[in-house]
Number of protein chains: 4
Amino acid sequence: MAEDTRGKILKSAVQLFSKNNYHVVSMSEIAEGAGISKGTLYWHFDSKEDLFREITINGMNYFNNQFKKIVQTDQNSNEKIHHLIKFVLNTLVEHLNMIDVFRNNVELISNEFKDTIEAKHKENIDVVAEIIKQGIDEGIIKNENPVDISTMLLSVLFTPQTKELLDHAQVEKKINFIYDFIMNGISRKEN
Amino acid sequence: MAEDTRGKILKSAVQLFSKNNYHVVSMSEIAEGAGISKGTLYWHFDSKEDLFREITINGMNYFNNQFKKIVQTDQNSNEKIHHLIKFVLNTLVEHLNMIDVFRNNVELISNEFKDTIEAKHKENIDVVAEIIKQGIDEGIIKNENPVDISTMLLSVLFTPQTKELLDHAQVEKKINFIYDFIMNGISRKEN
Amino acid sequence: MAEDTRGKILKSAVQLFSKNNYHVVSMSEIAEGAGISKGTLYWHFDSKEDLFREITINGMNYFNNQFKKIVQTDQNSNEKIHHLIKFVLNTLVEHLNMIDVFRNNVELISNEFKDTIEAKHKENIDVVAEIIKQGIDEGIIKNENPVDISTMLLSVLFTPQTKELLDHAQVEKKINFIYDFIMNGISRKEN
Amino acid sequence: MAEDTRGKILKSAVQLFSKNNYHVVSMSEIAEGAGISKGTLYWHFDSKEDLFREITINGMNYFNNQFKKIVQTDQNSNEKIHHLIKFVLNTLVEHLNMIDVFRNNVELISNEFKDTIEAKHKENIDVVAEIIKQGIDEGIIKNENPVDISTMLLSVLFTPQTKELLDHAQVEKKINFIYDFIMNGISRKEN
DNA sequence: TATGAATGAGATTTCATTCAT
DNA sequence: GATGAATGAAATCTCATTCAT
């Protein structure tokens with residue numbers, strides 16, 4: 001029962017935070033969306049920030065866990081990268097909301113929280129950098145700072161435009177387009 | 001005096017909006033930052049939204065104008081792209097604040113305003129697509145939808161991570177890194 | 001507790017609105033008068049207009065209900081008119097404040113609200129017109145448009161001067177004076 | 001030239017105060033309506049209250065002067081009353097605005113000003129009471145307190161409903177209706 | 001005379017948070 | 001666990017008024 005209410009709150013909050021900015025979403029709305037009273041909301045979460053924290057960190061952990069799983073498979077780096085892109089873009093399609101929570105709310109709340117989020121993001125970058133290192137070792141990826149490369153890779157995947165591209169359907173085709181962009185850039189390759 | 005005050009307001013507002021979310025920045029703060037009274041602030045701008053609108057649209061127009069100038073030079077596409085990247089990244093370094101105004105505040109305010117901003121952004125994409133077309137014609141850029149390519153290019157340039165990379169100095173080096181990433185992606189080129 | 005607070009708010013608001021114009025009375029004053037905080041005031045009423053609406057419509061309904069009761073008695077028209085005058089003037093004496101709410105605030109707020117109020121007033125006129133019709137049938141009242149006569153009758157009763165007359169005591173005497181004015185006008189009757 | 005500006009201000013103010021409540025009309029609007037700046041407005045009038053005072057007192061004096069003229073003619077009381085009614089109702093039709101200035105703004109501003117206005121009104125009542133006295137002497141009007149009768153007479157003439165009746169054209173007919181109401185009331189006269 | 005710019009007090013309203021029941 | 005009611009700080013905005021030019 002308890003978990004039920006908690007779940008309803010989180011669901012309502014994710015939905016609202018993904019559509020609107022942190023400061024525009026009110027605790028009243030969240031409570032209403034969850035079908036409970038404000039009092040109850042405050043029984044489950046100490047504050048608005050607390051609630052937002054939980055949602056954000058859950059989301060980041062979700063990516064972190066999946067990234068780690070991908071690293072640990074015994075695929076070659078090429079396959080892993082393809083896997084990674086596919087996973088991120090499919091998540092973007094299936095769980096648009098959760099992703100937008102980050103987009104709409106970067107730089108909010110306290111600096112201490114911003115640091116937490118950035119640390120989590122850094123973690124993700126480092127996990128993906130493992131794949132890059134593997135690729136360099138395998139001679140597939142150019143030999144530059146793996147962290148810089150990982151940074152660019154993730155920034156392309158989480159860029160708002162990526163989502164826009166996906167909006168217009170044909171996901172599979174777009175995945176290949178983005179994969180090719182990341183691997184080969186925009187210049188014409190002679191063969 | 002009048003223009004002077006207007007300028008002071010805009011400066012104060014850009015500074016604050018670039019550090020904090022639209023809803024966190026208060027008109028009192030902006031007034032205080034400009035060294036004027038709230039009444040005066042409202043004499044110059046009808047509303048907070050009005051003020052924000054002006055700043056945002058000014059910023060987008062700035063990019064749009066520069067992009068157009070680059071297109072109109074008689075450089076080849078390769079040079080133009082290099083020029084473009086250099087311009088954007090240098091602007092990011094010199095006018096960090098103005099850029100962050102967008103970052104922190106997309107999706108805010110009214111839908112009508114969001115549409116305005118998106119239309120401006122689309123304009124920018126289309127202008128850059130001209131360069132891509134030229135590159136395809138010159139056999140430098142791969143023959144795919146120029147608008148899609150332009151979209152990716154700009155998304156990489158305006159991605160938050162780009163700014164992070166730049167934060168840690170060595171701008172010139174990073175420009176080359178990003179240029180290479182955009183042109184050739186991350187895979188190892190055999191030579 | 002809840003109803004109690006609501007009542008305190010309404011009492012405070014009626015008192016203030018009856019002494020001062022809608023725009024001069026502030027929500028702070030109303031809250032202070034009710035011994036509660038502004039936040040609580042807004043918990044009970046969505047807006048100042050909402051609060052004013054409730055008071056006004058309550059008041060008009062009060063008159064409407066009484067007027068209907070008078071119509072439904074089995075008195076003759078003469079008695080009903082006397083009854084009506086007595087009721088209105090006594091209410092003016094006992095609930096001066098509530099009446100003044102209308103006086104001080106007609107034409108305020110939105111047009112939509114003005115229409116609501118005018119519709120309510122028209123209802124009152126129509127109800128009283130029933131009495132006038134009865135009087136015409138009974139040969140007591142002159143045979144002219146009953147709605148016009150009803151309009152004049154009510155306008156005399158609710159005229160600010162009527163209240164002034166009443167201020168100077170001797171209510172019973174003044175009731176007769178007004179009754180006589182309404183029935184016979186000011187000209188001398190020969191007998 | 002100077003009078004010209006003053007005149008423009010007064011005209012603009014009358015127009016606005018007659019349509020909206022004192023507190024809803026702003027000095028900016030008045031200035032705009034007069035085609036001048038706020039600074040100029042304040043050069044001609046010390047304050048909003050000052051401006052409103054002038055308009056109101058002008059209006060009341062206008063009625064006062066006309067009433068006095070009517071009293072001083074050598075008509076009999078019957079004719080004078082008819083004259084008075086005609087004058088007031090025609091003014092209501094021709095200068096609706098000016099009249100509404102009172103209607104919309106009674107009880108506003110300071111108590112001291114309210115007293116001034118009430119004193120002016122009392123003056124009007126007293127002037128009209130002269131006519132009533134004459135009527136009593138001539139055996140045309142019933143022998144009751146002339147001031148009370150005058151009060152009722154004026155209250156009927158200035159009642160909002162009177163204006164409504166007039167709105168629907170046929171002024172001449174309505175004048176007779178009101179005249180008859182004032183003289184004979186609503187009861188059926190046997191003949 | 002006339003103006004544009006500036007001011008500051010105060011108004012309405014929102015909202016995260018608390019607490020007695 | 002849950003709720004309705006209450007709070008108070010702070011936000012946006014309005015407006016009469018002033019003043020240097």
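## Two buried phenylalanines in chain B

In this predicted model, B:F67 is buried, and B:F87 is buried as well. Because B:F67 belongs to helix α4 (residues 48-72) of chain B while B:F87 belongs to helix α5 (residues 77-94) of chain B, the pair ties together parts that are 20 residues apart in sequence.

## Aromatic rings in chains D and A

In chain D, the ring centres of D:Y62 and D:F87 lie 6.1 Å apart and their planes stand at 55 degrees, so this pair is tilted. The pair links distant parts of the chain, since D:Y62 is found in helix α4 (residues 48-72) of chain D and D:F87 in helix α5 (residues 77-94) of chain D, 25 residues apart. With a relative accessible area of 32%, D:Y62 is partly exposed, whereas D:F87, with a relative accessible area of 13%, is buried.

In chain A, one aromatic cluster is made up of A:Y62, A:F63, A:F67 and A:F87.

## Lysines over tyrosine rings

Two further contacts bring a charge to an aromatic ring. In chain C, the charged end of C:K48 sits over the ring of C:Y22, at 4.6 Å from the ring centre. In chain D, the charged end of D:K48 sits over the ring of D:Y22, and here the distance from the centre is 4.5 Å.

## Where chain A touches chain B

The contact between these two chains involves 37 residues of chain A and 38 residues of chain B. Together, chain A and chain B bury about 3700 Å² between them, and 61% of that area is on carbon and sulfur atoms. On the chain A side, A:K142, A:M152 and A:I186 supply 21% of the area that chain A buries against chain B, which is more than any other three residues.

Polar and charged links are also present: between chain A and chain B there are two salt bridges, and four residue pairs are in polar contact, both residues being at pLDDT 80 or more. As for the helices involved, α7 (111-137), α8 (146-157), α9 (160-167) and α10 (171-184) of chain A each supply at least two residues of the side of chain A that touches chain B. Helix α10(A) gives the most to that side, with eight residues. One salt bridge joins the side chains of A:D180 and B:K142, at 2.5 Å from N to O.

Technical notes: Residues are numbered from 1 along each chain as its sequence is written. Chains are lettered from A and ligands numbered from 1 in the order in which they are written. This is a predicted model: local features need pLDDT of at least 70, side-chain atom pairs count only at pLDDT 80 or more; totals for chains, interfaces and linings use all residues. Side-chain values use heavy atoms; hydrogens and water are left out. Helices (H or I, at least four residues) and strands (E, at least two) are DSSP runs, numbered from the N terminus. Buried means under 20% relative accessible area, exposed over 50%, partly exposed in between (1.4 Å probe, protein chains only). Rings of Phe, Tyr and Trp (its six-membered ring) pair if their centres lie within 6.5 Å; planes under 30 degrees apart count as stacked, over 60 as edge-to-face and the rest as tilted. A charge sits over a ring if NZ of Lys or CZ of Arg is within 6 Å of the ring centre and within 35 degrees of the ring normal. Contact means heavy atoms within 4.5 Å. Buried area is the accessible area (1.4 Å probe) that two parts lose on being put together, summed over both. A salt bridge is a side-chain nitrogen of Lys or Arg within 4 Å of a carboxyl oxygen of Asp or Glu. A polar contact is a pair of N or O atoms within 3.5 Å; within protein, one must be able to donate a hydrogen and the other to accept it, and residues adjacent in sequence count only if both atoms are side-chain atoms.
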